[in-house]
Amino acid sequence: MVTASRPLRADAARNREKLLAAATDLFADRGLDVPMEHIARKAEVSIGTLYKHFPTREALVAEIFPGRLAALDVIGEKALADPDPWRGFAGYLHDLYALQAQDRGLNDVLARDLPNAPEVVSACHRGTSHAELLIERAAEAGALRADYSIKDMATLTRAMAQVIRDTPDEWRRFLSIYVDGLRG
């Protein structure tokens, strides 16, 4: 017999919202490896309260990042709307990595495998469909190397995540050099 979950008490709901806000801020600023104790402290709740709402880091990540990853759909749709296939493709890469540079947690999510957060993995895969169309369109127009694939973009995303972590002000230069080498 399935029972409906009871709504949270008002104080518990406030604590949950404070935890989500604190985690969102800290993940964006410091990445996914921020200690859980820091999240509880920023939310002004006990670590026990944090774990009562979110028993694992993955549960917290799964609550926050599917919504953040919706930005990939916006970036993809904007790029596909560009009538110039090359400009759409290159603009997509720029906007994707600009988003990653603004949010270290998102940067980490896009660079890692998160098998214990299937909602996040699913949201990441939605963005792949736009990327595949952009690659196909640019290659068919002769603007992009014919042998470039979604696997290459996945590798680039992991590489860019590291560049953004190590030298956050250099990612645009790195991307520019990379993109120049992709022209068909």
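Buried means under 20% relative accessible area, exposed means over 50%, and partly exposed lies in between, with a 1.4 Å probe and protein chains only. This is a predicted model, in which local features need pLDDT of at least 70 and side-chain atom pairs count only at pLDDT 80 or more, while totals for chains, interfaces and linings use all residues. Residues are numbered from 1 along each chain as its sequence is written, and side-chain values use heavy atoms, with hydrogens and water left out. A search of the whole structure finds seven salt bridges, a salt bridge being a side-chain nitrogen of Lys or Arg within 4 Å of a carboxyl oxygen of Asp or Glu.

**The pair Asp11 and Arg9**

- Asp11 and Arg9 form one of these salt bridges, with 2.9 Å between the closest N and O atoms.
- Asp11 is partly exposed at a relative accessible area of 32%, whereas Arg9 is exposed at 55%.

- Lys78 forms a salt bridge with Asp95, and their closest N and O atoms are 2.8 Å apart.
- This pair links distant parts of the chain, 17 residues apart, with Lys78 in helix α4 (residues 57-81) and Asp95 in helix α5 (residues 85-102); helices are DSSP runs of H or I with at least four residues, numbered from the N terminus.
- Lys78 is exposed, its relative accessible area being 54%.
- Arg165 forms a salt bridge with Asp108, where the closest N and O atoms are 3.2 Å apart.
- Arg165 in helix α8 (residues 150-166) and Asp108 in helix α6 (residues 104-111) are 57 residues apart, and the pair links distant parts of the chain.
- Arg165 is partly exposed, with a relative accessible area of 29%, whereas Asp108 is buried, with 5%.

Conventions. Helices (H or I, at least four residues) and strands (E, at least two) are DSSP runs, numbered from the N terminus.
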